[in-house]
Amino acid sequence: SLSVSERRGWSRYVAHQVYYSLLNRDFEWELMPLGIDQQVGTVVWSPLAAGRLGGRYRRDNPVPQDGRVARGGAPIRDSVVSYERLYDIVDMLDELAEETGKTVALVALNWLLQRPTVCSLVIGASSEEQLRQNLGAVDWQLTAEQVNRLDTASKTAKPYPYWHQDQRPELSSQVF
């Protein structure tokens, strides 16, 4: 669509809306590098992965029965192949929440706001209080070291062809 708009002299896209979170980082493989290259901003939907990164899902707690996931209201592709990975991410969010004095959800949202191309988040708050709390993700930043710890905790195996390209980085044009 960017190429068509360029060829025809039409207005080009300046932003796109994507699904992205610490739990679901597929956006980073192609759409983020495209956004960087083409200067297209990103509006993130479901930044807390349907509430999974809001602090209620923990190793020692059952899935909350009053949440969207238990009620069947989370129609997104559930990449929680292993709940162990979710819990590892939440454990790191807990550590960083304690360090920063912020909530788990605010740490997860702040991480997103620091990602390349991300310019806004679509927050699906279930109450005015939750919305007000989530707006606290702005006006502060995780440190580079804290971002790195979240990157490590949420890292996933690269899909093909990226793992293959990593074997020959000199041939890869991947941004990161």
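Guide: Ring pairs link Tyr 20, Phe 27 and Trp 111 into a cluster. Rings of Phe, Tyr and Trp (for Trp, the six-membered ring) pair if their centres lie within 6.5 Å; planes under 30 degrees apart count as stacked, over 60 as edge-to-face and the rest as tilted. This is a predicted model, in which local features need pLDDT of at least 70 and side-chain atom pairs count only at pLDDT 80 or more, while totals for chains, interfaces and linings use all residues. Residues are numbered from 1 along each chain as its sequence is written, and side-chain values use heavy atoms, with hydrogens and water left out.

The structure holds six aromatic pairs. In one of them, the ring centres of Trp 29 and Tyr 162 are 5.5 Å apart and the planes lie at 20°, so this pair is stacked. Trp 29 belongs to the loop between β1 and α2, and Tyr 162 to helix α7 (residues 162-166), so the pair ties together parts that are 133 residues apart in sequence. Trp 29 and Tyr 162 are both buried, where buried means under 20% relative accessible area, exposed over 50% and partly exposed in between (1.4 Å probe, protein chains only).

Along the sequence the pattern reads α-β-α-β-α-α-β-α-α-α.

The three strands form an open sheet in the order β1-β2-β3, with parallel pairing; two strands pair if DSSP finds at least two bridges between them. β1 and β3 are at the edges with a single partner strand each, so one side of each has no neighbour in the sheet. From one strand to the next, the twist averages 25°; axes are lines fitted to C-alpha atoms, for helices over the stretch in contact, and angles run from 0 to 180 degrees between N-to-C directions.

Strand β1 (residues 15-19) is joined to strand β2 (residues 41-45) by five bridges, and Gln 17 has Val 43 in β2 as its bridge partner. On the β3 side, β2 pairs with strand β3 (residues 118-122) over four bridges. There Thr 42 stands opposite Val 118, and Trp 45 is opposite Val 122.

Within α2, the buried residues are Met 32, Pro 33 and Gly 35. They cover an arc of only 160° around the axis, which puts them on the same side of α2; the arc is taken over the directions from the helix axis to the C-beta atoms. After α2 comes Gln 39, with a positive phi near 55°.

Helix α4 (residues 104-113) lies across β2 and β3 and runs at about 145° to β3.

For the protein as a whole, buried residues make up 40% of the 176 residues. Of the contacts with a separation of 6 or more, 77% are between residues 24 or more positions apart, a contact being heavy atoms within 4.5 Å.

Notes: Helix = DSSP H or I, 4+ residues; strand = E, 2+ residues; numbered from the N terminus.
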